[in-house]
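Subject: Structure handover

Hi,

Here is the structure I promised to pass on. Have a look at it first, and then read on for my notes on what turned up.

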Amino acid sequence: MKVAITGATGFVGSRLVERLQAQGHQPLILTRNRAAALRSFPNLEIVSYTPTESGSWQEAIAGCDAVVNLAGEPIAEHRWTPKQKQEILDSRKLGTQKIVEAIAQANPKPAVLVNASAIGYYGSSETATFDETSSSGNDFLAEVCQDWEAQAQKVKDAGVRLVILRLGIVLGNGGALAKMIPPFQLFAGGPLGTGRQWFSWIHRDDLVNLILFALTRPDMEGVFNATAPNPVRMSEFCQALGKVLSRPSWLPVPKND
Ligand SMILES: NC(=O)c1ccc[n+]([C@@H]2O[C@H](COP(=O)([O-])OP(=O)(O)OC[C@H]3O[C@@H](n4cnc5c(N)ncnc54)[C@H](OP(=O)(O)O)[C@@H]3O)[C@@H](O)[C@H]2O)c1
């Protein structure tokens, strides 16, 4: 199977590429930074692209069996200035619009689009439980997820199967965990706020298995929460992390607004 992937150089995408290769599939990397992608994937087909603009890169989609759309400006790396918020939104909303445009124009078309979204779709609550039928929240991230998913939904007009995965926090070696560990190592770790916020998570390998499953199962279609079945409160998660690192988890850390 030939699989075009955006965001392939990221935390999730890089592991997906590894697994696809190990299974004998053919990943095609769409990236903004060809030189960096070549260093990560010296033996793979790499196409430079402009995520929010149409261009000749879109022709690369023709002949692919599937597309996995993971690209997006990182959420937690920079302060949310108005410019940064626009980048977070545009990279997902316009980026997905251009991918769907490319799929619609492709001849032959891929059979499936697997598109990332996030459980941020639901907003947050200390008491409510959310499943795929729950309505969306109304904070910034919830609105980004709605716009992101709305663009992906349009691929169905082209007769292409769509799987949207609403990702929980992805845990593995790197990613969110890499940002959470340093305060613990300095004996300063602990949850933000009350610690009662829910922490819905998924292991990176389970997520990659889910993406592979979605790619190969013609009967899988629609929106799925990509989370482990046992979410924990943030305080519980931090306690577990502190235990593993042999460090205390302090409660609470004042919220940084
Ligand atoms: N990791 C999590 O805990 C988590 C949770 C919920 C949702 N998600 C979503 O799942 C997707 C994959 O997550 P990840 O952790 O693998 O992300 P990541 O490590 O931050 O990688 C995202 C990739 O997107 C591309 N990218 C970065 N900034 C961009 C921009 N401004 N415009 C267009 N493309 C950009 C980059 O690829 P190139 O430089 O090669 O173009 C990058 O490798 C993301 O959309 C993320 O929002 C992740």
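A word on terms before the notes: a residue is called buried under 20% relative accessible area, exposed over 50%, and partly exposed in between. By that scale phenylalanine 187, at 48% relative accessibility, counts as partly exposed. Also, please keep in mind that this is a predicted model.

**Around the ligand**

I'd start with the ligand. There are 24 residues around the ligand, and Thr9, Val12, Thr31, Arg32 and Arg92 come nearest. The shell is made up of 12 nonpolar, eight polar and four charged residues. Where does the shell come from? Helix H1 (11–22), helix H3 (82–105), strand E5 (112–118) and strand E7 (169–171) each put in at least two residues.

- Threonine 9 has a polar side-chain atom 2.6 Å from an oxygen atom of the ligand.
- Glutamate 73 has a side-chain N or O atom 2.8 Å from a nitrogen atom of the ligand.
- Valine 170 comes in through its backbone, with a polar atom there 2.8 Å from an oxygen atom of the ligand.

How much of the ligand does the protein cover? On its own the ligand has 890 Å² of accessible area, and the protein covers 85% of that.

**Aromatic rings**

Next, the rings. A pair of aromatic rings is described by the distance of the centres and the angle of the planes. Searching the whole structure gives five aromatic pairs. In one of them, tyrosine 49 and tryptophan 57 have ring centres 5.1 Å apart and planes at 85°, so the pair is edge-to-face. Tyrosine 49 counts as buried at 8% relative accessibility, and tryptophan 57 counts as buried at 5%.

Tryptophan 80 and phenylalanine 140 are another pair: with centres 5.2 Å apart and planes at 70°, these rings are edge-to-face too. Tryptophan 80 sits in the loop between strand E4 (66–69) and H3, while phenylalanine 140 belongs to helix H4 (residues 140–153), so the pair ties together parts that are 60 residues apart in sequence. At 37% relative accessibility, tryptophan 80 counts as partly exposed. Phenylalanine 140 has a charge over its ring as well: the charged end of lysine 85 sits there, 5.0 Å from the ring centre.

There is also an aromatic cluster, formed by Tyr121, Tyr122 and Phe130. Over the ring of tyrosine 121 sits the charged end of arginine 166, 3.6 Å from the ring centre.

**Backbone geometry**

A few backbone spots to check. Most residues other than glycine have a negative phi, and most peptide bonds are trans. Against that background, the bond joining asparagine 107 and proline 108 is cis, with omega about 5°. Proline 108 is in the loop between H3 and E5.

You will find phenylalanine 187 in the loop between H5 and E8. Serine 246 is another non-glycine with a positive phi, about 55°. Serine 246 lies in the segment after helix H7 (234–244) and, at 58% relative accessibility, counts as exposed.

**Some single residues**

Is asparagine 115 buried or exposed? Asparagine 115 is part of strand E5 and is buried, with a relative accessible area of 1%. Its side chain makes a polar contact with the side chain of asparagine 69, at 2.8 Å.

Glycine 195 is in the loop between helix H5 (175–185) and strand E8 (198–199), and with 0% relative accessibility it counts as buried. Glycine 195 and lysine 179 are 16 residues apart along the chain, and their C-alpha atoms are separated by 17 Å.

Lastly, serine 54 is in the loop between strand E3 (45–48) and E4. With a relative accessible area of 38%, serine 54 is partly exposed. Between serine 54 and leucine 94 there are 10.0 Å in space, C-alpha to C-alpha, and the two are 40 residues apart in sequence.

Over to you, and happy browsing!

Definitions and conventions:
Residues are numbered from 1 along each chain as its sequence is written. This is a predicted model: local features need pLDDT of at least 70, side-chain atom pairs count only at pLDDT 80 or more; totals for chains, interfaces and linings use all residues. Side-chain values use heavy atoms; hydrogens and water are left out. A residue is near a molecule or strand if one of its heavy atoms lies within 4 Å of it. A polar contact is a pair of N or O atoms within 3.5 Å; within protein, one must be able to donate a hydrogen and the other to accept it, and residues adjacent in sequence count only if both atoms are side-chain atoms. Accessible areas come from the Shrake-Rupley method with a 1.4 Å probe; for residues, only the protein chains shown count as cover. Helices (H or I, at least four residues) and strands (E, at least two) are DSSP runs, numbered from the N terminus. Ala, Val, Leu, Ile, Met, Phe, Trp, Tyr, Cys and Pro count as nonpolar, Asp, Glu, Lys and Arg as charged, and the others, Gly among them, as polar. Rings of Phe, Tyr and Trp (its six-membered ring) pair if their centres lie within 6.5 Å; planes under 30 degrees apart count as stacked, over 60 as edge-to-face and the rest as tilted. Buried means under 20% relative accessible area, exposed over 50%, partly exposed in between (1.4 Å probe, protein chains only). A charge sits over a ring if NZ of Lys or CZ of Arg is within 6 Å of the ring centre and within 35 degrees of the ring normal.
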